[in-house]
Each structure stands twice: as C-alpha cells, then as structure tokens.
Amino acid sequence: MNYPRLVIAGTASGVGKTTVTLAILEALRQRGRRVQAFKAGPDFIDPSHHTAVTGRPSRNLDGWMLGGDLNRALFAKAAADADISIIEGMMGLFDGSSPINEIGSTAEIAKQLDAPVLLVIDGSAMARSAAAMVSGYAQFDPALKVAGVLFNRINSEGHYQLLKEAVEQHTNVAVVGYLRPDQAVTISDRHLGLVMAMEQGTGTLYDRLAKAAADTIDLDRIESLASSCGVIATSPRLVRQNRQHSVRIGVAKDQAFCFYYPENLERLEAEGAELVPFSPLADHTLPADVAMLYLGGGYPELHGAVLAGNITMRRAIRDFAEQGGTIYAECGGMMYLTQAIRDFKDQLHDMVGLFPAEAVMRKTGLTLGYRTVELSQTCILGVSGVIARGHEFHYSTLVPQGPLDYACSLSDARGDSKGQDGLVLGKVLALYTHLHFASQPKIATALVNAARRTAVSQKGTE
C-alpha cells in the first residue's frame, strides 16, 4: 500500500525541527487533510504536541528499540486511514546510538519506511555554504533520499532567495520554503525538553505557525514529496485480543505523570485490561475495583509540594501495595514511590514511601541512553531471563536510605553494563527505564496476568 509520508529531519539538534513539523502538521490539517504524526526516537514530549495538533495519537518509531519490521507494522497500522504521514526526526539526521553506524537514527527510520527526507537547516547565518551542507547530507548515504530542504530563522525573502539559488544551482534537492524567526511561536522548554502540550495554551501558537507556513512554505510541494514514495512492505503484527477475565488498571494521568507510549497502553487493553485514568495530583481516592496501578514518567519534581500535600492519595497507594496490589512504575512514577523527592531548590517533599530511598534532582548530570533490561528474578514483568528494550532520560539520582532489592540488570546500546534497575517489593516493580512493550510482548501479558491474580485475591478477602 502507498502511504504518503515524509520525514522531517535536521542537520543538528536545535535547528527547529519541532517548529517546522508543527507548522506543517497544522497547515495540512487546515487544508482538510487527515494527518498522522510520528516521532523518531524515544521521546514523549514532541508527540504530545503532534497529538494536540492532529487529534490523533502520535506514535514513536525507533530503530534500536523496535527494529525495521515492527516500525513498519506500527507505521502501517497508524497511517492506514490517513491522507499523509509526517515523521519528525531526532537530533541530526545521521545521529543515533553509535558514531559509526545508523542504528537508532532518523536516517535509519527513513530507510526502513522508504520515506523521502525534508532537511531543516538553520539558515540565519549562511548563504552559499548552505549548498555545500545540503550536498553533503544528500550524498552521505546513497540509499537515503534527501528530497527537499526547508530553511528556518530566515528574516527576509531576499535572504531566502540567495539560499534557494545556491542550493538549486549545486544540488538536485528541492527547496520548499522557509520560516521566519518569531518569538510568539516559541514553545517553552525546561530540563527534559519542551513543555508538554497539556501545560501550554497551544491553539493560537499552532494557528500562527500554520499561517506562517502558508505564507512561506510551498505546501503543494510538501504533499508532492510525500506522495513520491513507493509501496511500503509491511508484515503487520496484529496484537491478539484477549477479552477473557477483564481487569481494571488505574493509569496515573496528569501534569506530573504524562509519559506513556500509546502502544504500551494498547497492549494492556489487548490483553483484557480496562484502563481507568486517575490523578495523583488532584484525586483523593483510587478508582474503584482496580487491581493494578500504572505510574508513568513525567515531572513529579515540578509538582512535589502538591503531591506531598495530597496525603490521602499517597496513603491510598501505599495501602494498595501493602494489601497485595500490583503496581508498575517508570521513572517519575518510581520517584513518587520513594520516601521523598528533593527538588532543584533542595526542598524535600514526602512521597508514597514504599522504597527506602530519596530521589534527588541534579542540575547537571543527565542520564540518557538506550537500555536493554533483563529480568534477574521473576517479578510482575515476567520470569527471570526475559529481555526488553527501553531508554533512560532523567536528571534525578536515587539515594538509598536503607536496603533496596533490584529485579533487573541493565546494559546500554553497546552492550556495556549499566548496573541494576527495577526496584521490587512484593507485587511492586519500579524502573528508571521507560520500557517499550512492543520490544517484548510478554511484558503486557505478564502485567495483566499479575493484575488478574491481584483481582482474584481481592475478591477472596471481601
């Protein structure tokens, strides 16, 4: 099947890929197109903006975590009813998990999907040199199709024409337009990246971007480039639907806990789970009849005082665990289950207190990278030896205040050991690593089965 698709890549981080992507997404939406967005790499923040623009869940594609077959299957499933798909890249076009190969890069995704690439360049301080840059990127990998270039942060039409003439004189890459610098369309950022869409009034911002795109970007050419790709070869891996013994799982969803791969949630549902959202910030009780809690990542450190002040919720979660409830937590969710979070201002905020440790925020020392997780003991994720893939991305560190038990061993993309992960206590498992369940389908099965066992035990005590 021919899925019109285009990868928006950058020459480096910070050139404006997200701004350009959002401008094109909204401009296409306003043209009446059904637009499906994707994000290359293990990112939760940019997809929140994609979803806000398109009204459709943005999906992550990742060469290292998922591989080509899964990426194609996930892409085809999400893009099936869309008019056009836009895939936002990460970092520079060729940057990935290694300096000597393409694994984990935007270029790898583009090749796996046989998708043309639109290269975004910050052209604010160059003229003819832009031609050399475009030529280098277009020729670096002959198997990759760099089909177009878009310049960002261009102050005048005259400057753009200089860039356009230079590139068209020396390359066969189409120049499709530019965006002007505009502080009014700047998305605020912080220690983990851009502010989530839910936290910023974005309707006006997206509309302003779309108008800018309509003025200075050839949207007809954008659509033409997206339609120039051929048939994509897919072998859809259908997730089996198991509706037997439906069980309720509470999913923490608010500004403190907002990092979830849609695929993870859908795989839990496919195993028979009914997902029930709740807010550790605002709610004072857990949803009724839940047998498991899923506490995703996010920004608990920014909401420490409110989380600490919601004593009834903290007690409810602790009581749930102590009474045999199943809890799965990742990164921010794990931090919430410790004794306390020490924020960037060195203020201590009491948390749930299941694990004898403090999560301490650091202004430097970002932990970032792909992770292979191997279960070193049987737990709610499965039996010893099960392997899954994910990534770490945090500025906090765990400071033990007592003995901690770990259920997993960690290694990075090179296979080097990164120590242990997965705090375990009874039916509670809390990782720093964000796992992608598609990398190991047994995880969703194991979690829902653990929840079912909890549900059975809950009924037995009634």
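How many aromatic pairs does the count come to? The count comes to 14 aromatic pairs, where rings of Phe, Tyr and Trp (its six-membered ring) pair if their centres lie within 6.5 Å, and planes under 30 degrees apart count as stacked, over 60 as edge-to-face and the rest as tilted. One of these pairs is formed by Trp-64 and Tyr-370, which are stacked at 4.8 Å centre to centre with 25° between the planes. This pair links distant parts of the chain, since Trp-64 lies in the loop between strand S3 (59-61) and helix H3 (68-79), while Tyr-370 belongs to strand S19 (residues 367-375), 306 residues apart; helices (H or I, at least four residues) and strands (E, at least two) are DSSP runs, numbered from the N terminus.

The model is predicted, so local features need pLDDT of at least 70 and side-chain atom pairs count only at pLDDT 80 or more, whereas totals for chains, interfaces and linings use all residues. Residues are numbered from 1 along each chain as its sequence is written, and side-chain values use heavy atoms, with hydrogens and water left out.

Trp-64 counts as buried because its relative accessibility is 6%, buried meaning under 20% relative accessible area, exposed over 50% and partly exposed in between (1.4 Å probe, protein chains only). Tyr-370, at 10% relative accessibility, counts as buried too. The charged end of Arg-389 sits over the ring of Trp-64, 3.9 Å from its centre, a term that requires NZ of Lys or CZ of Arg within 6 Å of the ring centre and within 35 degrees of the ring normal.

Elsewhere, Phe-44, Phe-259, Tyr-261 and Tyr-299 form one aromatic cluster.
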